[in-house]
Amino acid sequence: MQLAKKYEEGTCTPEEKIAVESFFDKMQEQASEIEISDAKGDVILNKIFLELQVKPKKYTTRKMLKIAAVFVIGLSIAFAAAQFIFQPAAITQITAKGEKKEIFLEDGSVIVLNSNSSITYPEKFETTRNIKLVGQAYFKVFRDVKRPFIVQTHDVKVRVLGTSFDINSYNHHDTKVSVISGKVEVSSPTGKKVLLIKNQQADLIKNSDFQISTENSEDKIAWIGNTIILKNTKLSETVKIIENWYNVSIDIEDKELNDLTISGKFKDEKLENVLESIAYLKQLKINYTTKNHITIRKKTP
């Protein structure tokens, strides 16, 4: 910077002047798309000197334009760097299997994160309120018409202004969005959009289309109150729910059992009681290899 100042003041040595002008020449090559005629350049240059009330030094118009091009490039780099440096810090919240967490956002919204899940969001929201979700969470969004609340999962995007809804996006099945109150816009990876209202659910089918259903959405957030509700749920899906809920590992020995459907309601039940109920209903046998490793198989005579 001292050398540039000396050049501008006309106090640098001949060697320093050659070095500075060589630098300007190289930078000009980087900005060769800037083309202004000498006549137009003289007008611009004279206006600049008039505003600054400075007597023009003996620079050629083209040389001054080279300096201006370098200055513009420098400002652009500085602006881009500032945008990167001053981006709000990202916060990630994670729950382990068997754990739930209530999270309060700076805008007044509340998130309840189910077990074996994670969310990522900025420390401070700007023009939009963007959230990334893996797993399952319940959202109670503070209404803000100027800043949409957007949740992105591995396969859908949910956009609201202020409402309450549940997203189940565990990777073992397609995402389900359930609306508790208000309206929710859900988008698929292909750009297809659906608008849901209270007690409507959208299941993403094969990453492209939605299957819309209507039922009491309160059942979809029963997990917040430590209640498991199964409604004709496949055994393979039931096992995933139990694994997350109780932090265990379960193997289904006979794969043809995967499609058995289970119905039931379990509130604050011990793991043993849940498994015994399922085994009784479906004539299954439960074996504990270890305390946290369980095998389900057919009951033999």
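In what order do the three strands of the open sheet stand? In this predicted model, the order is S15-S18-S17, and the pairing is mixed. Strands S15 (249-252) and S17 (284-290) each have a single partner strand, so they stand at the edges and one side of each is left without a neighbour in the sheet. From one strand to the next, the twist averages 25°.

Strands of a sheet pair through backbone hydrogen bonds, either parallel or antiparallel. S17 and S18 take the antiparallel sense. Six bridges join S17 to S18, which spans residues 293-298. Within S18, Ile294 stands opposite Tyr288.

Two helices pack on this sheet. Helix H5 covers residues 235-246 and touches S15, S17 and S18. The direction of H5 makes about 165° with that of S15. Helix H6, residues 271-282, also touches S15, S17 and S18. The direction of H6 makes about 145° with that of S17.

The segment after S18 holds Lys299. Lys299 counts as partly exposed because its relative accessibility is 48%, which lies between the limits of 20% and 50%. Beyond its neighbours within four places in sequence, Lys299 is in contact with Gln283, Leu284 and Lys285. Lys299 and Lys282 are 17 residues apart along the chain. Their C-alpha atoms are separated by 9.1 Å.

Thr95 belongs to another strand, S1 (residues 90-95). Its relative accessibility is 3%, under the 20% limit, so Thr95 counts as buried. The Thr95 side chain reaches the backbone oxygen of Asn114 at 2.5 Å. Asn114 is also among the residues that Thr95 touches when those up to four places away in sequence are not counted.

The nonpolar cores come next. The largest has 28 residues. Ile131, Phe139, Val151, Val158, Phe165 and Val186 touch the most other members. Strand S5 (residues 129-140) gives the most to this core, with four residues. Another core, of 27 residues, lies apart from the largest one. Among its members are Tyr138, Val248, Ile250 and Leu271.

Conventions: Residues are numbered from 1 along each chain as its sequence is written. This is a predicted model: local features need pLDDT of at least 70, side-chain atom pairs count only at pLDDT 80 or more; totals for chains, interfaces and linings use all residues. Side-chain values use heavy atoms; hydrogens and water are left out. Two strands pair if DSSP finds at least two bridges between them. Axes are lines fitted to C-alpha atoms, for helices over the stretch in contact, and angles run from 0 to 180 degrees between N-to-C directions. Contact means heavy atoms within 4.5 Å. Buried means under 20% relative accessible area, exposed over 50%, partly exposed in between (1.4 Å probe, protein chains only). A polar contact is a pair of N or O atoms within 3.5 Å; within protein, one must be able to donate a hydrogen and the other to accept it, and residues adjacent in sequence count only if both atoms are side-chain atoms. A nonpolar core is a set of buried Ala, Val, Leu, Ile, Met, Phe, Trp, Tyr and Cys residues joined through side-chain atoms within 4.5 Å.
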